[in-house]
Amino acid sequence: MNNNERLYKISEISDIAKVNKTKVWRYIRDNNISERSMKGNAKLYSEHTKDVIIKAFSSESVHLATETKADTSRILLEQIDILKGELERKNDQLDKMQSLLDQQQQLNLSTNRQNEKLLDTTTNNTPSQDDSPSQSDDTDVLKPTEGNYKGVENKTPKKGLFGWLRR
């Protein structure tokens with residue numbers, strides 16, 4: 001080591017290059033640059049190493065400055081197209097989920113009507129009805145049956161979470 005040679009810390013190099021210390025440290029790490037010596041915990045680098053690092057950051061800034069607005073707008077338009085595609089897929093998924101939810105609600109309504117019909121027939125059971133199976137056990141949601149609907153609601157409203165569904 002030459003005694004006349006000046007050594008630089010990362011903070012000094014970053015001040016000269018007018019970049020963040022972290023950028024200088026990452027550049028040194030990524031390029032496997034070794035320090036000339038240590039002073040306490042601080043790593044010291046030679047004049048030549050300082051010049052190489054400063055040159056790297058100055059050429060990088062020139063490269064960044066030459067990037068045109070057209071390149072930036074092209075990249076943004078590509079990102080917009082990608083996001084539009086993702087949005088369309090999400091809308092399709094939402095439509096499918098909505099239709100599945102509608103089907104589930106229809107099935108729940110049908111099941112509730114069948115359960116009410118079964119409860120009504122078991123509470124009003126006569127001995128002759130026990131021996132014979134029920135005439136029609138299919139209840140369509142779209143067409144009310146005589147046991148479920150007579151034109152006028154005569155049941156008392158039931159309380160609970162799904163009480164509004166039974167009306």
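Hi everyone, let's begin with Asn-32, which counts as exposed because its relative accessibility is 69%, over the 50% cut-off. Please keep in mind that this is a predicted model.

Asn-32 sits in the loop between H2 and strand E1, residues 37-39. Its backbone is worth a look: Asn-32 is not a glycine, yet its phi is positive, at about 50°. As a reminder, most residues other than glycine have a negative phi.

Lys-18 also has a positive phi, near 60°, and is a residue other than glycine. You'll find Lys-18 in the loop between H1 and H2. With a relative accessible area of 76%, Lys-18 is exposed.

Now to the helices on either side of that loop. How do H1 and H2 pack? Helix H1, residues 10-17, and helix H2, residues 21-30, pack at an angle of about 110°, and their axes are 8 Å apart. That angle falls within 65 to 115 degrees, so the two helices are roughly perpendicular to each other. The crossing of H1 past H2 is right-handed. On the H1 side, the contact uses Ile-10, Ser-11, Ile-13 and Ser-14, and these meet Lys-21, Val-24, Trp-25 and Ile-28 of H2. Sorted by class, that contact has five nonpolar residues, two polar and one charged.

Last stop, Ser-46, in the loop between strand E2 (42-44) and helix H3 (47-66). Is Ser-46 buried or exposed? Ser-46 counts as buried, because its relative accessibility is 4%. Its side chain makes a polar contact with the side chain of Thr-49, at 2.9 Å. Leaving out residues up to four places away in sequence, Ser-46 touches Glu-5, Arg-6, Leu-7, Tyr-8 and Arg-36.

Definitions and conventions: Residues numbered from 1 in each chain as written. Predicted model: local features only at pLDDT ≥ 70, side-chain atom pairs only at ≥ 80, totals over all residues. Heavy atoms only, no water. Axes fitted to C-alpha atoms, helices over the stretch in contact; angles between N-to-C directions. Helix = DSSP H or I, 4+ residues; strand = E, 2+ residues; numbered from the N terminus. Parallel < 35°, antiparallel > 145°, perpendicular 65-115°, else oblique. Left-handed = near helix turned anticlockwise from the far one by under 90°. Contact = heavy atoms within 4.5 Å. Nonpolar A, V, L, I, M, F, W, Y, C, P; charged D, E, K, R; others polar. Buried < 20%, exposed > 50% of the residue type's maximum accessible area, 1.4 Å probe, protein only. Polar contact = N/O pair within 3.5 Å; in protein donor to acceptor, adjacent residues only side chain to side chain.
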